[in-house]
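User: Hi! I would like to learn how to read the places where molecules touch in a model. Could you guide me?
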Protein chains: 2
Amino acid sequence: MTDNPPMSSAGLRRDMEILEILAGHGDERDADGFGVSWIAQRLGREKSQVSRALRGLEIEGMVERDPLTRRYRLGWRLFALAARTEQSRLVRISAPYVRRLAAAFDEDAYLCVLRGNMVLTLLSVPSSRAYHRVWEGVSVPVIMAAAGRSLLAEWDEERVRELLGTILPAGLDGSVGGSDEWLKELDHVRTAGYAVSDVELDDSEAGVSAPVRDHRGLITAAISVSVTRAASLGRLHEIGVSVAETARELSCALGDGKSAWRRPD
Amino acid sequence: MTDNPPMSSAGLRRDMEILEILAGHGDERDADGFGVSWIAQRLGREKSQVSRALRGLEIEGMVERDPLTRRYRLGWRLFALAARTEQSRLVRISAPYVRRLAAAFDEDAYLCVLRGNMVLTLLSVPSSRAYHRVWEGVSVPVIMAAAGRSLLAEWDEERVRELLGTILPAGLDGSVGGSDEWLKELDHVRTAGYAVSDVELDDSEAGVSAPVRDHRGLITAAISVSVTRAASLGRLHEIGVSVAETARELSCALGDGKSAWRRPD
DNA sequence: AAAACATGGTGCAACTAGCGCAACACTAGT
DNA sequence: ACTAGTGTTGCGCTAGTTGCACCATGTTTT
């Protein structure tokens, strides 16, 4: 039951668990936060412990408390710190490109990076139509994300299999048609410059993605468009070419580093 | 030497100090992170302490380390958590409005909130011209921020004086023409709906701001435009009216809560 | 109203985990 | 090799965290 030597300190771990709880699933009505007892029960920890930890986190601004309901939410400090991350810089530069993509096809567009065997969505631009759940900050297993193929496009087949092995046994098997078929798709990214996946999360019909490279040419991110409109289904190739081109432009913008960034529109 | 009763635990405090160091000033070349010894010295703590703390923070994803330079930066977890904050929701809804404002006058536009006696910038949209330093996540004393007047517009004079007292003695006196003059400006916000400040941070010539209200009509944020072009100086009133109108529209959008948000453009 | 049941916070002894010192690997400059 | 720097680890000692109990407020029953 005890974890391996590479383990963070007990206090930090507890705090992180609390923050993760407060992050919630995002799509629920947990917008007004959570109470101490509920968190303690969900964590299997003492109320007192959680109460004291939350007080400390509040002082530091990591969480904030509604004065009326006495419930806790994630705090402003997280926002302030996050603005200084490398991911934030990436989003800042990419946003105009991803927005342009979303506007061009009136579909949801995303910017994602690889984190372990998960795909983390950094930016999601909804289409003009329905209200869409917030995907920013959400991690999804590589096989299930539209951007997954683009992010792993240039990995060795062996390493890809290894990575897939870490999630396939525990993951669902309905939405993934075997890892062999999945691997074959990686070739398509290398040749065509974009990937098309037919089964996706949410209510989308298909996903189109393309890799984004840093100044050294390595794939560091991916942009994707999740196709939900029936009218777009016939244009998958056209969308793919557009996504790939946008990804290429974005890669150039990232390569420039600190130079002035032009709006693409 | 011992701090007051309201104090977070030692471990958490240390971790927060480290994160704050890693956040840096943003405008320097600290983009490639900081080393253990440098952080330890800057904090007046033991190297070993910092080393171990950073390892824990890295495991939790709060910081990440460049494998080559072995320097630490803020991590992806902060970004993921921040996306779930209330501030993030505010930015998501406000972004189109602030962008429209920035495009209309081709000047930098901001979204700010009040945090203690500081103004925290949540969103900064640069003009099309020069490269601009990143203001997101930066806190500035109320008197020095363009949005300060708008954020305090409907406070009791007594409470405002009290708040200003907490920073004036320690603050600079060059950029603020006395608190009396400052207070008089608050009236202007209440009547005209926007504030104009002549002296600002950075290389701007003036700042125009207007208050944003939540569904209960309380001021929860402010948007502002920092005027740097000489050509805009003669249009301060015109800009003010536009900023106030945009703030009003944004307030309505926030009031709708979860309803679908239309793009203002 | 009082009872019953919540939730959030506190005092205190036992104990564990973090602290600082020092010594250790490791890379890089002269 | 020497020096000088960085980052990591072992270990005794101390300080901070833990968990139990109890208490202080609200909120729902009966």
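Analyst: A residue is near a molecule or strand if one of its heavy atoms lies within 4 Å of it. Helices (H or I, at least four residues) and strands (E, at least two) are DSSP runs, numbered from the N terminus. Here, H3(A) gives the most to the surface near DNA strand C, with five residues.

Analyst: Some ground rules: this is a predicted model, where local features need pLDDT of at least 70 and side-chain atom pairs count only at pLDDT 80 or more, while totals for chains, interfaces and linings use all residues. Residues are numbered from 1 along each chain as its sequence is written, chains are lettered from A and ligands numbered from 1 in the order in which they are written, and side-chain values use heavy atoms, with hydrogens and water left out.

User: Which part of DNA strand C lies within 4 Å of the protein, sugar or phosphate or bases?

Analyst: Of those DNA atoms, 72% belong to sugar or phosphate, and the rest to bases.

User: How do I read the area buried between chain A and chain B?

Analyst: Interface size is often given as the accessible area lost when the parts come together. Buried area is the accessible area (1.4 Å probe) that two parts lose on being put together, summed over both. For chain A and chain B that is about 5000 Å², with carbon and sulfur atoms giving 63%.

User: How many salt bridges are there between chain A and chain B?

Analyst: A salt bridge is a side-chain nitrogen of Lys or Arg within 4 Å of a carboxyl oxygen of Asp or Glu. There are six between chain A and chain B. Arg77(A) and Glu20(B) form a salt bridge through their side chains, at 2.8 Å from N to O.
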